Amino acid sequence: MSQQETYRTAGFGQPVPRGIRPGIVVVDFTYRFTDTIYPTAADMKSEIAATRRLTDLARTKDIPVIYTTIAYHRGEVAMLPWLRKATGMAALIEGSRLVEIDADTGIQPNDPVLTKKGASAFHGTALAALLTGARVDTLVVAGATTSGCVRATVVDAVQSGFNVLVPGDCCADRARGPHEANLYDMHQKYADVTDADDIERWLISLPDHR
């Protein structure tokens, strides 16, 4: 039995229903991950450009766009177990350029930016409340990294009651293997993994939410 048949027989990989009130969460496209002068970064230019197509369109239709960053107070660094495992993350100090959203994303002054301490955009933040307040029924998740903060956000999103779509060409990682493996697994269990063209067509088809 092939891998695909194994998952299908087990009842995975069913299509995600799409609602009429989407929201977009752009996870951690900050300079620490997007500017290759830093060791934790990778070239994410094409993924950022594909994401920007969607966020620029979303704003014209009054679809909420929310960004996230990871940032720590210096006093937190020694206390957090994640930073002992992933020591490269300890440089993400509040107020530094490393934690700023990359300007190439096209972020706008009215776009909320949520600061998180862990992988998921939901953990310890107001994300669920913001999405519920905006009556979002289908969440589009983009950003970095696919195998880390994107995946954690997707899992928490579906567990929080949202239908989830992941445009794979809007997600980036440091290595191809983890990127592809995690997109495959998310598609089987938590979300529909698609692409920016598909999401763009869907957003265009929706009524404006003004």
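Good morning, colleagues. Please keep in mind that the model is predicted.

I begin with ring pairs. A search of the whole structure returns one aromatic pair. Its members are Phe-122 and Phe-162, with ring centres 6.2 Å apart and an angle of 35° between the planes.

Where in the chain do Phe-122 and Phe-162 lie? Phe-122 belongs to the loop between strand E3 (113-116) and helix H5 (127-133). Phe-162 belongs to the loop between helix H6 (146-159) and strand E5 (163-167). The two residues are 40 residues apart, and the pair thus links distant parts of the chain.

Are these two residues buried or exposed? Phe-122 counts as buried because its relative accessibility is 9%, and Phe-162 counts as buried because its value is 6%.

I turn now to charges over rings. The charged end of Arg-18 sits over the ring of Trp-202, at 5.6 Å from the ring centre. For Arg-97, the charged end sits over the ring of Tyr-31, at 3.9 Å from the centre.

Asp-35 is located in the loop between helix H2 (31-34) and helix H3 (45-60). With a relative accessibility of 17%, Asp-35 counts as buried, since the limit is 20%. Setting aside neighbours within four places in sequence, Asp-35 is in contact with Ala-41 and Arg-97.

Thank you for your attention.

Technical notes:
Residues numbered from 1 in each chain as written. Predicted model: local features only at pLDDT ≥ 70, side-chain atom pairs only at ≥ 80, totals over all residues. Heavy atoms only, no water. Phe/Tyr/Trp six-rings, centres within 6.5 Å; stacked < 30°, edge-to-face > 60°. Helix = DSSP H or I, 4+ residues; strand = E, 2+ residues; numbered from the N terminus. Buried < 20%, exposed > 50% of the residue type's maximum accessible area, 1.4 Å probe, protein only. Lys NZ or Arg CZ within 6 Å of the ring centre and 35° of its normal. Contact = heavy atoms within 4.5 Å.
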